[in-house]
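Please look over the structure below.

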Amino acid sequence: MVRERRVSRENHNGTQFQYHNQTQQALSDRRESLFKILVIGELGAGKTSIIKRYVHEFFSQNYRATIGVDFALKVLNWDQNTVVRLQLWDIAGQERFGNMTRVYYKEAVGALIVFDVTRAATFDAVLKWKQDLDSKVQLPDGSPIPCILLANKCDQPKEGIVNDKEKMNEYCKQNNFSDWFETSAKENINIDNAAKCLVEKILQNEKFNQKGDSQKDGNRVSLGGRGQAELQDGKKKFCC
């Protein structure tokens with residue numbers, strides 16, 4: 001009987017050791033990435049409302065106009081092995097006319113351009129924002145960073161081209177938008193879907209960069225690219 005208990009204890013300890021090893025392996029395989037995302041567009045288009053809804057699941061009619069730039073952080077458990085942290089830069093609508101956007105855009109890996117479907121003038125300014133963005137930040141290969149167009153306040157009567165989805169699709173294709181969504185911060189329409197689409201585009205670029213990097217350095221293992229935070233040897237390394 002003593003021998004049987006001893007075997008049982010040994011088996012139990014072996015199971016614990018195996019479980020501990022599996023847990024350690026899972027942690028070592030886990031990757032954390034920090035992505036800098038720009039949220040830009042004309043004054044009053046609803047950029048701050050979209051960020052508040054996405055990050056805090058909250059909406060208010062009483063936001064003040066953003067002055068300069070504001071920040072918010074959204075953490076996504078993307079899959080079993082990947083945590084994605086989105087650093088959202090809420091850039092004031094009037095900043096396109098200033099000289100600071102180059103500083104604000106630096107190291108961004110994705111963008112949301114927002115316009116108000118009830119004010120055609122905010123849509124007319126979209127291309128100026130896109131051109132400003134593309135001229136100041138690019139991917140390592142020189143191509144534009146992923147950019148999603150948000151037709152915001154879609155719960156209200158719409159003006160202009162946004163009423164014709166085929167024309168909107170063609171407009172986005174011609175102007176190198178990754179995709180577009182009708183959104184409403186008030187009614188929480190499509191905001192999560194738009195953000196998910198943008199992150200998918202960013203991760204595709206990261207995997208492409210990782211593949212290219214692995215050809216240069218077979219010992220390097222990461223999600224690659226700019227604006228990321230890796231978890232290696234228990235230490236976080238941030239770059240933004």
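The side chains of Asn-190 and Asn-193 make a polar contact at 3.0 Å. A polar contact here is a pair of N or O atoms within 3.5 Å; within protein, one must be able to donate a hydrogen and the other to accept it, and residues adjacent in sequence count only if both atoms are side-chain atoms.

This is a predicted model: local features need pLDDT of at least 70, side-chain atom pairs count only at pLDDT 80 or more, and totals for chains, interfaces and linings use all residues. Residues are numbered from 1 along each chain as its sequence is written, and side-chain values use heavy atoms, with hydrogens and water left out.

Asn-190 sits in the loop between strand E6 (179-182) and helix H7 (191-216). Helices (H or I, at least four residues) and strands (E, at least two) are DSSP runs, numbered from the N terminus. The Asn-190 side chain also reaches the backbone oxygen of Glu-182, at 2.9 Å. Beyond neighbours within four places in sequence, Asn-190 is in contact with Phe-181, Glu-182 and Thr-183. Contact means heavy atoms within 4.5 Å. Asn-190 is partly exposed, at 27% relative accessible area. The cut-offs are under 20% for buried and over 50% for exposed, with partly exposed in between (1.4 Å probe, protein chains only).

Glu-182 also takes part in a salt bridge, with Lys-165. The whole structure holds 7 salt bridges. Each is a side-chain nitrogen of Lys or Arg within 4 Å of a carboxyl oxygen of Asp or Glu.

| Pair | N to O distance |
|---|---|
| Lys-130 and Asp-134 | 2.8 Å |
| Lys-136 and Asp-132 | 2.8 Å |
| Lys-165 and Glu-182 | 3.8 Å |

The Lys-165 and Glu-182 pair links distant parts of the chain. Lys-165 lies in helix H6 (residues 165-174) and Glu-182 in strand E6, 17 residues apart. Lys-165 is exposed, at 51%. Glu-182 is buried, at 13%.

Why are Lys-130 and Asp-134 separated by about one helical turn? They are 4 residues apart in helix H5 (residues 126-136). Lys-130 is buried, with a relative accessible area of 2%. Asp-134 is partly exposed, at 22%.

Lys-136 and Asp-132 also lie in helix H5, 4 residues apart, about one turn of the helix. Asp-132 is buried, at 11%.

Elsewhere, salt bridges link Asp-116, Arg-119 and Lys-153 in a network.
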